[in-house]
Amino acid sequence: MLNRLLDFFSSLRLALVLLLGLALVAVFGTIWPSRDTHLDVFRYELFYQTPWFRLLLGLLAFNLIVCTLRLLMRRLRDRQRLGEQLCKETDSGCRLPFEAEAGTLLDLLKREGYRGGLVDGRILAWRRRIGRYGVLIIHGSLLAIMGGALLSGAGFVGTLNIYVGDSSSTVFDWDAGTDRPLGFAFRLDHFEPRFYPIDLRFAVMDAAGQKTLREYTTREGERVDLPRAGWQAEVTHFDPFVQRLELKILEEGKVVAEYRVTAGVKDPDNQVGGMIFYPLAYRDPVLKQLHSEVSILEGGRVVRQGVIEVNQPLVHRGITIYQTAFDRDPSGRFYGGFQFSRDPGAPLVWAGCIVLMLGLFINMLLRPRAVGLVRGGDNWRLVGLLGFRGEAGREALQQLAEKLRSAHDQTP
């Protein structure tokens, strides 16, 4: 009864049925509306967070575990099993047309990449034996990935909207529906949205702000010649939120002033070289990056400072902090949106993915072979035990026999 249960839970048929069921769930989980209004539930929760879906995953994991253990036991008995097979293969294989001692034959096999020894007076040798464990490595990696996914349930995802200059030691955990303590304080020291160079137009006016001397169409980073001989202006930055223009004013290539002006403000006192600069228009900006400078505090003391940008999170105490959003309140004050995520299963998942690639490489490229040598009269007979199936296998075995004969003839 136990063997029947083990056969069932390690069967390929069960694995295919479970994989088909998971594939069907994934299909419907993809095409289903993002939110089911009738059930008032999101698609992810409807398909991937249900007990029956986790039951399918659990059965697949159990199938892999049983199959892996049974395959491991079989691999550990390879030496005994192939030795028994070698005892029965007395009339098969290729006869070696020379006499040699067992030690000499082992040396000749070693030159061809085989390693082995004597088993009851017979020689058993392997080549690329690690290839026999490729499937086991693949199974183990899949179990590691599934285990990492299970561990991820012990983590959390929380969000925080915070003003520049403020700090918080809690985030809102959406699964739990309440605030969750971080174990440290998070402070947003500085935030700025960064845009691709903005095309803009500005005017140079006389000192009274009454007469326009010249208008320019340029962009951030470019220089323009001013109406005053030898003078130039370089656009260093333009903030589209407050429409503030920042310039470097140069005379004969040397910076003489840093100039800042906001659209709508013509201040005669804000002049350089008898000139007033005034923003006129600009193209709609295209956001390039969100840049946040943050501090981590423990016990009221800063223990770490760093920069968070999109695709550049900050990790502290196993919690990964992502920049997710930003906005300004009616008074013009910036605040940033951050996601805090702890995933204890992530290292196991990544390790499983790496090991999976290693297992696939071993399974596809390192084909194992096993041969045996049985003495028959005054000669030895070379027997292919593993990796010598079909016509191609018989030719490969014959070629190995020829290489052994050639190597023996060349041995002094």
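User: Which residue stands opposite His237 in β13?

Analyst: Glu246 does. Bear in mind that this is a predicted model, where local features need pLDDT of at least 70, side-chain atom pairs count only at pLDDT 80 or more, and totals for chains, interfaces and linings use all residues. Residues are numbered from 1 along each chain as its sequence is written, and side-chain values use heavy atoms, with hydrogens and water left out.

User: What makes β12 and β13 a pair?

Analyst: Pairing takes at least two bridges found by DSSP between two strands. Strand β12 (residues 231-239) and strand β13 (residues 244-251) have 8 bridges in the antiparallel sense, so they pair. Strands here are DSSP runs of E, at least two residues, and helices are runs of H or I, at least four, both numbered from the N terminus.

User: Why is His139 called buried?

Analyst: Buried means under 20% relative accessible area, exposed over 50%, and partly exposed in between (1.4 Å probe, protein chains only). His139 has 12%, so it counts as buried. His139 sits in helix α7 (residues 134-152).

User: And why is Cys67 called partly exposed?

Analyst: Its relative accessibility is 23%, so Cys67 falls in the in-between class. Cys87, at 37%, counts as partly exposed too.
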